[in-house]
Each structure stands twice: as C-alpha cells, then as structure tokens.
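Dear colleague,

Please find the structure below, together with its sequence. My notes on what was found in it follow.

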Amino acid sequence: MTNNPIEIAMEKANLSVERIASILEVTRQTINNYMKNPGQIPAEKIFKLSSATGIAVDKLYGSAQIQKGPIVVSTYGEEFKNLNTLINTARDTSKSLSSIKIDRNLEICREEREKAVFELNDIINVASIKGRKPTICAFGPSDAGKSTLINYLLGEEIVPVGYSPMTTVPTYIKHESEKPDFLEDPVDNTIVYGRKKGEGGKKISHSAIEGEHAEDYIIRRGNYKSLLKEFGTREGEYYKNSNWEIDEIDVYANVDLLKEVTFIDIPGFDSGDDDDNIGLAMDASTFDVIFFLSTADAYLRGHELAALCYILRMREDLSSLYLLATHTNSIGDPDEVKKIIYRGCERIVSTMSEDEKERLGVREGEGGFKALEKRCFGFDMSSEKYCNELNSSIEKELPRIITNRLNEASDEARKACQEYKKRYQALIDNVKKERRSFKSQEDIEEEKKKNEKAAEKAIEDLKEAKERLKESISEKEGYSLSKMKTEYSEVLNEEFIVKTIDTKRLRNKKADIEDLSNYLSGELNDRLQRILSTRSKDFANELEKELNEYQHNIESNIKKMKLNADFSGFDFTRAFAAGLTGLSTYGALAVWASIVAGGSNLGAYILVAKVVSVLSALGISVGGTAAAVSFVSAIGGPVTIGITLAIIAAIAAFGIFTGTWKNRVASKMVKTYRENRVLDKCCNTIKTYWRDTENALDNCMDSLSRQVRKHYEEESSKEEMANDDYIKMTTVLQIIYSKCVDGYSSMIEALCE
C-alpha cells in the first residue's frame with residue numbers, strides 16, 4: 001500500500017488530481033510535485049486534506065509509516081503500594097476510633113476522638129493528593145496536533161482529530177480502573193458533565209467533579225466513541241444545538257499508560273473563537289508534565305510564543321516540559337528542523353526577564369540555553385527518527401517523575417506519622433501522670449472563674465495581635481502600590497524600550513517586535529511578583545512571631561495564675577490554619593502556609609486537607625522543600641496572556657516602521673499599555689491581594705480564638721467532673737491515644753517496607 005497522502009486520499013475518497021488541487025487551493029502541477037515528494041507537503045495542507053476527506057491524519061500516511069508510542073515501565077502501581085497501605089491503615093484506625101463507645105457526659109473524650117479521626121482523614125486526603133498519578137496536558141494552537149499526539153502516546157485513537165478545531169471542552173482521560181461506582185454499565189466509559197443553559201450556574205470545577213456530589217453534574221454517560229464526537233467536537237449535534245453548557249468530559253480507557261498518568265486534552269487556542277481559548281485560562285502550574293506544540297513550518301508564531309512564555313512563568317523548572325515542533329515531515333531535512341528549534345530557543349530566552357532566566361537555568365548567548373534545547377523535540381507520527389527520540393525521553397523521564405512524586409509524598413507522610421505518634425505518646429504519659437486531688441465546690445468554681453478570666457485575656461491578646469498585623473498589611477499594601485508605580489514607569493518608557501531593543505539586537509521585523517512585547521509583559525509580571533513576594537515573606541515572619549508570642553503568653557499566664565489548664569496538646573498552628581478552609585484565595589497567608597509546611601516535621605499535615613488541596617491547585621509546594629517564591633503562580637500576573645496578545649495585535653496593525661522605528665515602536669508600546677490600563681490592573685491586583693490577606697487573617701484569627709476559648713472551657717469541665725467520671729475519662733483517653741500510637745506505628749512500618 002502506498003504511503004503517499006495524496007495517493008491515499010485519491011484511493012480512499014475516490015478523488016481526482018483536479019479535485020484535490022481544488023481542495024488544497026494549489027495547481028495541478030503542485031499536486032504532481034507533492035506526489036513525487038510527499039515529505040514536502042505542508043502540515044496545513046495535510047490537515048485540510050484530512051478535514052475535506054474525513055480521513056484521519058495518521059491514516060493519510062498509511063499504517064506502515066505510523067510509529068508506535070512509548071512503552072513506559074510500570075511504576076506507579078508498585079511505587080504507590082506502600083502509600084496505599086498507609087492510607088488503608090489510616091482508614092482502619094479511623095474506624096477503630098469511631099467504634100469506641102463514649103458516655104454522653106464525657107464530651108472531652110468525644111472531642112479528642114473526633115480530633116484524632118480528623119487528623120487521620122487529613123493523612124488520607126493529603127497522601128492521596130500528593131500521591132496521585134501525574135497529569136499530562138498538551139497546549140498549543142488548534143492546528144498543532146495536540147489530540148493526535150495524545151492518541152499517539154496512548155497507542156489508541158480515543159480523542160477526535162482533524163484540521164478544524166476539534167476539542168471544544170477539557171477532556172480527562174483516565175484508566176478504566178478509576179471508573180466511579182455510579183458508572184455501572186460495563187459498556188459505559190465516558191461521562192459528560194455540565195449545566196443547563198440559562199440557569200446562571202457557575203462553571204463546574206474539576207475538583208467538584210472529583211468530589212462526592214459528582215453524580216449531580218452528569219449530563220450524559222455512555223461510550224467515548226460516540227459521546228466525544230457528540231459533545232466534545234464542533235461537528236457534534238450537542239455543540240450546535242445543545243441546551244447544555246459542557247464543562248468537562250471524563251473518559252476511562254483500558255490503556256496501560258493510563259495506569260501511570262492522567263491525560264488532559266484541551267481546546268487549541270487562537271482558532272478565532274474566544275470560547276476555544278480555554279487553555280490560556282488554565283493554570284499550567286497544576287499540571288505535572290506539559291507538552292507545548294507548534295508546527296515546524298511556522299514555529300512559535302507570535303501568539304504561540306506569548307502563550308509559551310505565559311506558561312513558563314508558572315513553572316519552577318524545565319524538567320517536566322516538552323516543546324514539540326510538530327509535522328516535521330513538512331520540513332524534511334532534520335538539520336533544518338534543528339535550526340528551527342535553535343532559533344526558537346533563542347527567541348524564548350530573549351523574552352525572559354532576568355529573574356525567570358535564573359529560575360529556569362538559562363541565559364542568552366551561545367550555549368546559554370542548552371537546558372531548554374534538551375526539552376525540545378521534533379515530532380511526526382510517520383517519522384521513526386523523531387518518534388524514537390521522543391519515546392526514549394518519555395520512557396526514561398516519566399518513571400522518574402512518578403517515583404519522585406511518590407517519594408516526596410511518602411517522606412512527608414512518614415514525618416507526619418512520626419510526629420503524631422510522638423505527640424500521642426506524650427499525651428498517654430501525661431494522662432498516666434495525672435493525679436486528681438479532692439477539691440471543694442468552692443475551689444472548682446474559683447478555678448472555673450480563673451479559666452474564664454484567662455480565656456478573656458487570651459482573646460484580648462489575640463485582638464491586639466490582629467490589629468498589629470492589619471496595620472502591617474495596610475503598610476505593605478501602600479508600599480507595594482508605590483513601588484509598582486515606580487517599577488512600571490521604569491519599564492514602560494521610551495528610553496528603556498529603545499535600550500532593550502539595542503541590548504537584545506532586535507530588528508525592524510514583526511517577530512522581533514512580538515518578542516519585545518512578550519519581554520515587557522514578563523518584566524512587569526516579574527517585578528509585581530517580586531514586590532509581593534518580598535513583602536509577603538516579611539508578613540509571614542511577622543505572623544509567625546505573633547503566633548509564637550501568643551502561645552508563650554498563654555503558657556506564662558497559666559503559670560502566673562496557677563491554673564490547672566494544660567495547652568501542651570493544643571496545636572496553635574493548626575487551629576489558626578483551620579480558618580483557611582473554605583477560602584479560595586489566601587493572599588500572603590499562602591506564603592506563610594508554604595513556609596510553615598516546609599519547616600515543620602508535620603510537613604503539609606499541620607494544615608487541613610482542604611488547604612493543602614487549594615495550595616496544590618495554586619501551584620504552591622507544601623511540605624518538603626517548599627519555598628515562598630513558589631507562590632507566584634497563585635497570583636498570576638496582571639499582564640495576562642490576553643493583554644499580551646492584544647498588544648501584539650495592536651503593534652501588528654500599526655505596521656512595520658520606517659525611519660526612527662525604534663522610538664516609534666517604543667511610543668506605540670507605551671501608548672498601547674496605557675490604553676489597556678495595565679498599570680491600573682497591576683494596582684488592582686495588589687489591592688485585591690492584600691484584601692485577600694486581610695480576609696484570610698480575619699478567618700484564621702477567628703478560628704484560633706474559638707478553639708482557644710473552647711479549650712479553656714474543656715479544661716474547666718474536667719474540674720467539675722465527679723471522680724467516677726474523671727476516672728472513666730482518663731481511661732477512655734488512654735484507649736484513644738493508644739489506638740492512635742498503634743495506628744501511626746503501623747503506618748510508619750508500611751512506608752518502611
């Protein structure tokens with residue numbers, strides 16, 4: 001069978017040379033040339049031929065030329081085994097604690113049991129979050145071949161492909177073993193989630209779809225061969241006439257690679273339909289591995305480079321990025337492909353700010369961006385050379401990514417379990433040492449009053465601490481705004497822009513002007529994030545100091561007033577952090593959380609599971625080697641991809657300049673940024689950020705206040721207990737604490753096997 005796309009189209013679709021020439025809008029002679037040299041057919045012509053004939057792109061090259069995707073060694077299942085044992089042990093321990101019978105009058109025991117169960121659920125939830133399978137997402141314009149790549153990697157044609165934009169909603173592709181229980185029919189392997197049009201409901205988040213009420217959002221369930229075309233492509237009937245807003249499609253397939261990773265197929269951007277630019281709004285920091293695709297014959301066009309730079313600003317390093325020059329057969333010469341990739345790397349690095357280059361380990365000039373070049377690959381499904389190179393990298397690196405992720409999760413879990421075990425053992429020892437002396441009712445009432453007085457003093461101290469911190473927030477907001485205005489004026493002025501043009505040796509060419517726009521956007525974002533990062537770290541240190549002093553004051557006051565109240569088992573940090581639950585934005589408290597989680601033996605587990613989940617979604621590393629600077633992706637940047645693209649379009653419409661073009665470009669840049677009100681957006685971002693900080697602080701201080709007061713009340717209730725009840729209480733507490741020690745011991749052993 002022939003491997004020539006033109007001949008295959010003629011044979012399968014029964015088309016003449018004239019008809020194909022008409023479809024591709026070329027001459028008959030050009031078609032004859034394509035038939036003689038199929039490697040020279042441009043990618044856009046291949047897609048157009050596929051769209052017109054209905055023949056998939058890979059089929060146009062003939063099955064003999066289609067290469068097989070990577071074969072990844074089974075890693076996740078084996079590596080996750082110990083962590084899964086820990087999770088199951090935590091569940092068993094939780095059930096065992098819940099089965100303990102507690103008398104109605106022993107409220108303290110009930111509270112301690114519930115706290116222990118809550119902590120175990122944290123272990124379960126956070127270990128599941130940190131130990132989940134890596135996610136892989138492909139970004140790029142609608143003609144780059146993202147769906148084709150995913151099908152190639154999976155070794156099965158699951159997602160629709162074609163020349164016109166096909167994918168219209170995010171599609172999550174998982175292993176069939178992950179099918180939810182409510183997907184009962186064996187034939188069903190796909191779920192469509194969404195809302196009715198006109199009901200005003202918000203877009204359903206992926207975390208909500210993964211939650212316990214996922215079934216409430218289902219529109220349709222069935223088989224992906226029909227549902228993806230119906231609901232997930234422009235050709236689908238529901239895309240044209242539906243009464244529904246589709247938010248996500250989940251597919252469950254029997255593919256070995258899906259045992260190791262989860263794929264996300266998203267719409268390609270820049271199709272001309274704003275609804276398709278979903279990928280540009282998605283936070284790239286939430287994906288473990290990113291494939292960025294650009295066609296080799298039009299490599300990194302202005303809007304593509306802008307999108308790639310936007311993604312790179314949200315990555316901590318380059319190790320999990322694949323930059324693919326697709327449809328390399330349209331170029332032919334591998335050396336030319338290398339040159340295209342090299343020039344692309346030059347452009348990428350030239351648009352980076354100094355901070356970004358330092359973070360990603362690259363620099364301008366010969367040999368300065370080898371780390372980036374190593375992440376670049378040519379790709380064409382019909383090329384053995386390019387497929388082998390890509391496969392080799394994936395087969396080597398994906399198991400490493402999986403192992404590193406699970407090792408980090410296991411290390412954090414082990415530290416947490418060791419710390420919890422140590423704490424519960426100390427609680428057992430304290431209970432055993434307790435000796436209750438007889439007290440008169442008068443003494444009991446006096447102790448209760450003193451506890452109430454101590455609680456009021458603690459609440460008052462907390463209010464004063466909150467006021468001091470709020471004053472600090474106000475000062476930092478004022479400084480941030482003033483500093484940002486200064487930084488903006490330093491970047492967005494003609495002198496700086498002309499100097500940048502000279503320093504980077506930019507020419508009077510469209511591509512160079514696009515690079516300049518990307519550079520200025522990145523520079524502004526970096527300066528904003530540097531301002532907020534520095535002030536946020538200062539605030540985090542102030543907050544930690546206030547919390548430490550607050551704890552010290554409570555303990556000192558207990559000694560001064562000679563109270564029996566005991567706060568040795570009270571977790572001040574956790575009581576404060578619990579206030580973050582339910583919030584979607586934390587401001588500078590996100591930095592505080594990452595610093596505390598990184599410096600504590602409890603790692604991420606000092607924070608409630610919801611907090612860890614949200615921080616992870618924001619791209620913030622919690623536990624282990626967490627660094628405050630990693631919070632930058634949480635605030636994004638006011639100079640969004642949309643503004644960058646608008647500025648590129650404005651400059652392009654202005655035309656190529658003549659004469660004193662540098663000054664004219666600089667003047668146009670300054671004017672366009674002003675028209676887009678970028679400085680206002682920067683200032684609004686700063687104001688929102690510090691308002692979020694103040695709101696989070698209020699919630700956390702209220703949480704700490706409630707729990708401190710409650711703890712004093714519990715200490716008072718101990719004093720009021722009858723002797724028999726007191727003995728019962730200490731006995732039950734020992735049982736609870738002992739079960740916790742035994743459970744955490746077993747969990748530690750599970751991770752050491």
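Is Ser 667 buried, exposed or partly exposed? Ser 667 is partly exposed, because its relative accessible area is 34%, where buried means under 20%, exposed over 50% and partly exposed in between, with a 1.4 Å probe and protein chains only. This is a predicted model, in which local features need pLDDT of at least 70 and side-chain atom pairs count only at pLDDT 80 or more, while totals for chains, interfaces and linings use all residues. Residues are numbered from 1 along each chain as its sequence is written, and side-chain values use heavy atoms, with hydrogens and water left out.

Ser 667 belongs to helix 26 (residues 661–675); helices (H or I, at least four residues) and strands (E, at least two) are DSSP runs, numbered from the N terminus. Its C-alpha atom is separated by 9.6 Å from that of Glu 495, which is 172 residues apart from Ser 667 along the chain.

Turning to strand 2 (residues 171–175), 5 of its 5 residues are buried, so this strand is largely enclosed by the rest of the structure. Strand 2 runs parallel to strand 5 (residues 244–253), joined by 5 bridges, and antiparallel to strand 6 (residues 262–265), joined by 3 bridges; strands pair if DSSP finds at least two bridges between them. His 175 has Ala 253 of strand 5 as its bridge partner, and Ile 173 has Phe 263 of strand 6.

Ile 158 touches residues including Ile 173 and Ala 253, not counting residues up to four places away in sequence, with contact meaning heavy atoms within 4.5 Å.

Best regards
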